[in-house]
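Please look over the sequence and the structure shown below before reading on. The report that follows takes the two chains in turn.

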Amino acid sequence: MSERTHKILQAAILFGLSAFLFYKILSGTLYFYINARFTWLVVLGGAVFLALAFFAWPRKSASDAHDHDHDDHGHAHSRSAWPLAILCIPLALGFLVPSRPLDSSALDTRGLTTNALMSIGGQTAVQLDQPSDQRNVLDWVRAFNFAADPVIYEGEPADVIGFVYQDPRLPEGQFLVGRFAVSCCAADAFAIGMIVQSDEAHHWAANQWVHVNGKVQVSHLDGVAVPLIVAESIKEVSIPPQPYLFP
Amino acid sequence: MKRVFNTLSIVGLAVLGVALVLFLQNWMGGGIELPSQFYTFTTIFLGIFIEAAPFLLLGTLASGLVEVFFKKESIQRIMPRNRFLGALAGGLLGFVFPVCECGVVPLTRRLFRKGMGPAMGVAFLMASPVLNPIVILSTYAAYGWGPVLWLRVALSLAIAVATGLIFAVEEQPARLLRPSSLSLAPIRGASVDVALPIYPGSLGSRLRRALSIAGEEFFEMGRYLIIGSMLAAALQAVVPQGTLLALGSGPLLSVLVMMLLAVLLSICSTVDAFVSLAFVGTFTTGSVLSFLVLGPMVDIKNILLYLQVFRRRTVLYMVILPVLMVILATVFINLNLGI
C-alpha cells in the first residue's frame with residue numbers, strides 16, 4: 001500500500017472512530033456500554049479522534065518535507081493493511097450490529113450476586129434514606145445487605161423496573177427481576193435481583209423488561225436474605241434509556 | 001509473529017463479515033437470530049473499547065508531547081544514576097504522569113526512546129496504574145483508610161520496584177525491548193531527531209507534530225487494545241464466573257482464583273476497587289488484594305500492549321515475576337495478618 005493511501009485510510013478510520021463515539025452518544029445507546037459518569041471521557045475521546053483524523057490526513061506542505069527523505073527507510077512492516085483491518089473491528093461491530101444491553105443470557109456466565117456492597121465505609125446509610133417506593137433494585141439489595149435485620153423492611157411498598165430472569169433455584173410462582181450494575185463498563189457488570197412472587201410468574205419470558213409493584217417480604221436465596229416482592233401488578237415495559245444501574 | 005497477525009486479520013475480516021450480514025438482515029427485517037453470546041461479547045467488547053480508547057489516546061498524546069518538548073539530555077540528567085533510586089523514582093512517576101494501564105505503555109516506550117533506563121522504565125510501567133492520584137482516590141472511596149488501601153499502594157510499589165531492579169541486571173535496554181521500540185526514527189520524518197534532539201519549529205508546528213505522533217501511535221497500540229479486549233470479552237461471554245469463584249476459598253486457592261479473574265476481566269485500574277468489593281464478603285482479604293495489585297500490572301490487554309514494546313522473553317518475565325511476588329505477598333497476608 002502506498003504511503004499516501006495508508007495515511008488517507010488512517011485518517012478515515014480515525015474519523016470513523018470519532019463518528020462511532022458521537023453516534024453512540026447521540027443515539028442514546030452509549031449507556032448500554034458504560035457508566036454514565038464517564039460520558040465526558042467519551043466526548044473528549046471523540047473530539048481527540050477528530051483532531052487526530054484532521055492531522056493524519058496527508059498534506060503537501062513545507063512542514064512535511066522531511067516525509068520524503070524518509071521513504072527509503074523501509075518501514076514496510078508498519079505499512080501493511082492488517083493493523084488497519086483490526087482498527088475496523090470496533091467500527092464494524094459498533095455501526096452494524098444492533099446495540100443491545102447485557103440481558104439475562106449473560107447471567108449464564110456471570111451469575112447473580114446477592115452481595116452488593118458498594119463501600120466498606122458508612123456512607124451508604126445516607127443513600128438508603130429514601131422513600132421505599134423510589135428505591136431501585138440495587139437500592140433494595142443494598143438495603144438488605146446493610147440492615148442488621150431486614151425484617152424492618154417487610155410490608156414496605158416496592159416499585160421497580162428490571163428484566164425477567166427465570167432462576168432455576170426458585171420455586172414455581174417466583175421469578176427474579178434483575179438489573180446489571182456497572183461501575184465502569186459492561187466488562188465489570190454484575191447482576192443483582194429481587195424475587196417476584198406472582199401467580200403468573202411463569203407467563204413472563206426471560207429478558208422481558210417489566211415494571212413490578214407490590215409489597216416487600218424477606219426471602220432467602222443460597223442462605224442470604226434477599227428482598228421478595230409480593231406482586232400486585234406486573235406490567236410490560238420497554239428497555240429504559242439507562243438499562244444499567246450505576247453504583 | 002507476522003503469521004499470528006495474518007491469522008488475526010482473517011479473524012477481523014470474519015467479524016466484519018458477520019457484522020455486515022447482521023446489519024443487512026436487520027435492515028431488511030429478516031429473522032436470523034445469532035446466539036445471545038455474540039451480543040454479550042459485542043456489548044462487553046465495545047464497553048471495554050469505548051472506556052479504554054480515550055485513556056490510550058491520552059497516553060499517546062502525552063507521548064507525543066514528551067517527544068516534541070523534552071530533550072533527551074534533560075531526561076537523562078533528571079534520572080537518578082543509582083539503580084534502586086531509579087526504580088523507586090520510576091515507581092513514583094505516576095504522580096507526575098497520571099496515566100492508567102493503557103496510556104502508560106506508549107508513554108513508557110517514549111521515555112525509553114528518550115534514554116530512560118530499564119529499571120526506572122519497568123517500575124514506572126508496573127506501578128503507575130496504581131500509584132497515581134486518581135486510582136488512590138477511587139480505592140479510598142471504596143475501602144476508606146484501611147489496610148486494603150495502604151497494602152495495595154505499598155505492594156504495588158514494592159513489586160514494581162523489585163521487578164524493575166531485576167531488569168536492571170540488563171545494562172542495555174536494547175536487549176529487553178523490541179528493536180522498533182528504541183529506534184529514534186519510529187515514525188516517518190522523526191529521523192531529524194538524530195541531529196536535533198528536540199523537534200524544531202514554532203509552537204504550532206510542534207503541537208501538530210505531537211498530534212501526528214499520537215495518531216500513529218494510536219494505530220500501533222490500538223490494535224493490541226482491540227485484540228486484548230476481544231479476548232477478554234470472548235472469555236467473559238463463555239467462561240462461567242460462578243464455577244471459577246466456587247473453586248477457591250482457601251488462603252492459596254482464593255488468591256489464584258482472584259488473580260485469574262483479574263487477568264480475565266481486564267478492568268481499568270481506576271474502577272477495579274469498586275468491582276472487587278463484590279468479593280469482599282466471600283473471599284479472603286489477601287485474594288482481594290491480589291486482584292487489586294496484579295490486575296493493573298498484568299491482564300490480557302496489557303500483555304498484548306507490552307508485546308508491542310518489549311521482546312517476548314521480557315514480557316514473559318514481566319508476567320511471571322509480578323504473579324509470583326503477588327502470590328507470595330498475599331498468601332503471606334492471608335496466613336499471618338488476621339485482616
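In what order do the elements of chain A run from the N terminus on? They run α-α-α-α-α-α-β-β-β-β-β-β.

## Basis of the description

This is a predicted model, in which local features need pLDDT of at least 70 and side-chain atom pairs count only at pLDDT 80 or more, while totals for chains, interfaces and linings use all residues. Residues are numbered from 1 along each chain as its sequence is written, and chains are lettered from A and ligands numbered from 1 in the order in which they are written.

## Chain A

Chain A holds six helices and six strands, where helices (H or I, at least four residues) and strands (E, at least two) are DSSP runs numbered from the N terminus. Of its 247 residues, 38% count as buried, a residue being buried if 20 or more other C-beta atoms lie within 10 Å of its own, exposed if 12 or fewer, and partly exposed in between, with C-beta atoms placed from the backbone. Among contacts in chain A between residues at least 6 apart in sequence, 73% join residues at least 24 apart, a contact being a pair whose C-beta atoms, placed from the backbone, lie within 7 Å.

Chain A is divided into domain 1 (3-96) and domain 2 (104-245), with bounds that come from an automatic or database domain assignment. Seven residues of domain 1 and nine residues of domain 2 take part in the contact. On the domain 1 side there are five nonpolar, two polar and no charged residues, where Ala, Val, Leu, Ile, Met, Phe, Trp, Tyr, Cys and Pro count as nonpolar, Asp, Glu, Lys and Arg as charged, and the others, Gly among them, as polar.

## Chain B

Chain B has 17 helices and zero strands, and 53% of its 339 residues count as buried. Of the contacts in chain B with a separation of 6 or more, 85% come from residues 24 or more positions apart.

B:I78 lies in helix α3 (residues 72-78) of chain B and counts as exposed because it has 10 C-beta neighbours inside 10 Å. The C-alpha atoms of B:I78 and B:M116, which are 38 residues apart along the chain, are separated by 9.9 Å.

## A helix pair in chain B

Helix α16 (residues 300-309) of chain B and helix α17 (residues 312-336) of chain B pack at an angle of about 145°, with their axes 9 Å apart; axes are lines fitted to C-alpha atoms, for helices over the stretch in contact, and angles run from 0 to 180 degrees between N-to-C directions. B:I303, B:Y306 and B:L307 in α16(B) meet B:R312, B:V315, B:M318 and B:V319 in α17(B). The residues of this contact divide into six nonpolar, no polar and one charged.

Technical notes: Contact = placed C-beta atoms within 7 Å.
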